[in-house]
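Biologist: Before we start, show me the chain. Then take me through how to read it.

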Amino acid sequence: MPDIYPGKDAALRAGGQSSWANARDATASTDEYINVNKAGTAVRIKRNSGSTLFDVARSFFAFDTSAITVAPTSATLKLYGYNNTAVDVGVVKGDASATGDSSTDFVAADFDMIDGLVKGSSMAGNVTPYSNEVSTWYTTKYNEFTLNADALADMAALDEFLCVVISTDNDYPNTQPSAGDTDNTGIYFVSDSDATKRPLISYTAAL
């Protein structure tokens, strides 16, 4: 079963925003961790107790899939957990027009680079889900996302396979969190010094 690693990744966060809409539908992140060299927050949803400030964070991963010409029979995105406070997460298709790819750093303006994203609307029916939802998060091993048929097809059709990890509780349905909610999911990123914890996709090549 071959493994491929992202060339570039990034956690992008629109933080300290005055409304849920301003955070969730931001055109650029206020914080970015490009090719971070340590574990950090991959997904974040926050509304402070005063109900006035909101944060949304998403993580982007770019894989060079130019060598894959036939859709794999199966594939799994594996993210080694760092921390978690009960946020459920899933994977959706990234927008091909993002600045970041497997050889180019992501930038702040890539925050909304989700294929099919409609500002102010649920992602359901608009974006392309790439995986199941993961609701149990492990901090001592890899968390596994089973990639679906759309993802497998894109791994073969696209030279750059871009996926985005998001909150399925709030970001995906465009549901404002309750006052005082702070949910984080952390991972080890591709440039972490511990190579045994880097993100990867394991796939089964078609015969």
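Modeller: Start with charge. The chain has 14 positive and 26 negative side chains, and the centres of the two sets lie 6 Å apart. Lys and Arg count as positive, Asp and Glu as negative; His and the chain ends are not counted. Each charge is placed at NZ of Lys, CZ of Arg, CG of Asp or CD of Glu.

Biologist: What kind of model is this?

Modeller: A predicted model: local features need pLDDT of at least 70, side-chain atom pairs count only at pLDDT 80 or more, and totals for chains, interfaces and linings use all residues. Residues are numbered from 1 along each chain as its sequence is written, and side-chain values use heavy atoms, with hydrogens and water left out.

Biologist: How many helices and strands are in the chain?

Modeller: Helices (H or I, at least four residues) and strands (E, at least two) are DSSP runs, numbered from the N terminus. Here there are 2 helices and 11 strands. Their order from the N terminus is β-β-α-β-β-β-β-β-β-α-β-β-β.

Biologist: How do I read burial?

Modeller: Buried means under 20% relative accessible area, exposed over 50%, and partly exposed in between, with a 1.4 Å probe and protein chains only. In this chain, 52% of the 207 residues are buried.

Biologist: Which residues of helix H2 are buried?

Modeller: In H2 (residues 149–157), these are Ala151, Leu152, Asp154, Met155 and Ala156. They pack against strands E1 (3–4), E6 (74–84), E7 (89–93), E9 (160–167) and E11 (200–204). Contact means heavy atoms within 4.5 Å.

Biologist: What caps the N-terminal end of H2?

Modeller: Asn148 does: a side-chain oxygen lies 3.2 Å from the backbone nitrogen of Asp150.

Biologist: Is Lys8 buried or exposed?

Modeller: Lys8 counts as buried because its relative accessible area is 18%. Lys8 is in strand E2 (residues 8–17). Its side chain makes a polar contact with the side chain of Asp105 (3.0 Å). A polar contact is a pair of N or O atoms within 3.5 Å; within protein, one must be able to donate a hydrogen and the other to accept it, and residues adjacent in sequence count only if both atoms are side-chain atoms.

Biologist: What about backbone angles?

Modeller: Most residues other than glycine have a negative phi. Asn174 has a positive phi, near 60°. Asn174 is in the loop between E9 and strand E10 (182–187). Its relative accessibility is 22%, so Asn174 counts as partly exposed.
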